[in-house]
Amino acid sequence: MASFLDPLIAFVSAHPGLAYLTLFLAALLEAVPVVGSLVPGSTIILTLSALVPGGELKLWAVLAAAIAGAALGDGTAFWVGHRSQREILSVWPLKNYPAVVAQSEAFFQSRGALAVFFARFVPPIRAFVPVTAGALGMPPLRFYGVNIPAILVWAMAHVLPGVFAISVLHEYFGPHHHGTAKHLWMLAVLGGALVAALAVWIIRRRQGGGVIEPAKPVK
């Protein structure tokens, strides 16, 4: 695995602009209905955060890329729902995912504005609540008043743990083993993501389906 991570780290060091673009797109796509349920944006952000302590990436730029992507994604989804109202919930591709749409609507109806805040931390609802909030007539100022703080907390929760962990591991292993610290964090994040994905797959198999699976066509 180190033979894979070392070239990746070297590439990011040589092309930090592409890394920031990747972070931006990862956060943006996570906010797109349906697509956000499939893109491992959180894993990408957590993994690349390991490159901040070593200087390959800048902390402020990583946070800015994640915040900008999430804000643009959530804001665009909200305005699409706000302009189309409930009609958007019954057109493609949302009409193919009635279970998630219903779950997102119930989540929003039961928690109101707080649903916008907490949904940012709950996949796959995260990708559906902004458009649902707009479709159900949530005022824009109220949406952004909750969404922006949620994005700020979400970004810090995804970036700072990696920075802190690498700094601690760096101190533990010593300056001559900084690469080891980055490898351990990246492997832990990737391994955790695989375990989580496997657990979700097993749960869905036992339940006979999953919330992000498209509805079966009526014959």
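Phe78 is buried, with a relative accessible area of 0% (buried means under 20%, exposed over 50%, partly exposed in between, with a 1.4 Å probe and protein chains only). The rings of Phe78 and Phe143 are stacked, because their centres lie 4.2 Å apart and their planes meet at 10°. Phe78 belongs to helix H4 (residues 59–84) and Phe143 to helix H8, so this pair ties together parts 65 residues apart in sequence. Phe143 is buried as well, like Phe78. This is a predicted model, numbered from 1 along each chain as its sequence is written, in which local features need pLDDT of at least 70 and side-chain atom pairs pLDDT 80 or more, while totals for chains, interfaces and linings use all residues. Side-chain values rest on heavy atoms, without hydrogens or water.

How many aromatic pairs does a search of the whole structure find? There are six. The Phe78 and Trp79 rings have centres 5.8 Å apart and planes at 80°, so they are edge-to-face. Trp79 counts as partly exposed, at 37% relative accessibility. Ring pairs join Phe78, Trp79, Phe143 and Tyr144 into a cluster. Rings here are those of Phe, Tyr and Trp (its six-membered ring), paired if their centres lie within 6.5 Å; planes under 30 degrees apart are stacked, over 60 edge-to-face, the rest tilted.

## Overall fold

The protein has nine helices and zero strands. Along the sequence the pattern reads α-α-α-α-α-α-α-α-α. Both element types are DSSP runs numbered from the N terminus: helices are H or I with at least four residues, strands E with at least two.

Of the 219 residues, 42% count as buried. Among contacts with a separation of 6 or more, 75% come from residues 24 or more positions apart (contact means heavy atoms within 4.5 Å). Helix H3 (residues 41–48) is mostly covered, with six of its eight residues buried. These are Gly41, Ser42, Thr43, Ile45, Thr47 and Leu48.

## The cavity

The structure holds one cavity of 30 Å³ or more. The largest cavity has a volume of about 40 Å³. A cavity is a set of points on a 1 Å grid over the protein atoms alone where a 1.4 Å probe fits but cannot get out; lining residues have an atom within 4 Å of a point. Points are joined across faces, edges and corners, and the volume is the space filled by probe spheres set on them.

Which residues line the largest cavity? They are Asp74, Val116, Ala119, Arg120, Arg126, Val129, Pro130, Phe143 and Asn147. Helices H6 (113–119), H7 (129–135) and H8 (140–173) each supply at least two residues of this lining. By class, the lining has five nonpolar, one polar and three charged residues (nonpolar: Ala, Val, Leu, Ile, Met, Phe, Trp, Tyr, Cys and Pro; charged: Asp, Glu, Lys and Arg; polar: the others, Gly among them).

Ala26 is found in helix H2 (residues 16–30). Ala26 is buried, at 4% relative accessible area. Not counting residues up to four places away in sequence, Ala26 touches Val39, Gly41 and Ile44. Of these, Gly41 is also one of the buried residues of H3. The C-alpha atoms of Ala26 and Ala65 are 9.4 Å apart, across 39 residues of chain.

Glu56 lies in the loop between H3 and H4. Is this residue buried or exposed? Glu56 is buried, with a relative accessible area of 14%. Its partners, leaving out residues up to four places away in sequence, are Ile9, Ser13, Pro16, Leu51 and Lys182.

His82 sits in helix H4. His82 counts as partly exposed, at 22% relative accessibility. Beyond its neighbours within four places in sequence, His82 is in contact with Gly134, Ala135, Met138 and Pro140. Gly137 is 55 residues from His82 in sequence, and their C-alpha atoms are 6.3 Å apart.

Leu169 belongs to helix H8. Leu169 is partly exposed, at 22% relative accessibility. Leu169 and Thr180 are eleven residues apart in sequence and 8.4 Å apart in space, C-alpha to C-alpha.

Conventions:
On a 1 Å grid over the protein atoms alone, a cavity is a set of points where a 1.4 Å probe fits but cannot get out, and a pocket is an open set with protein on both sides within 12 Å along at least five of seven lines; lining residues have an atom within 4 Å of a point.
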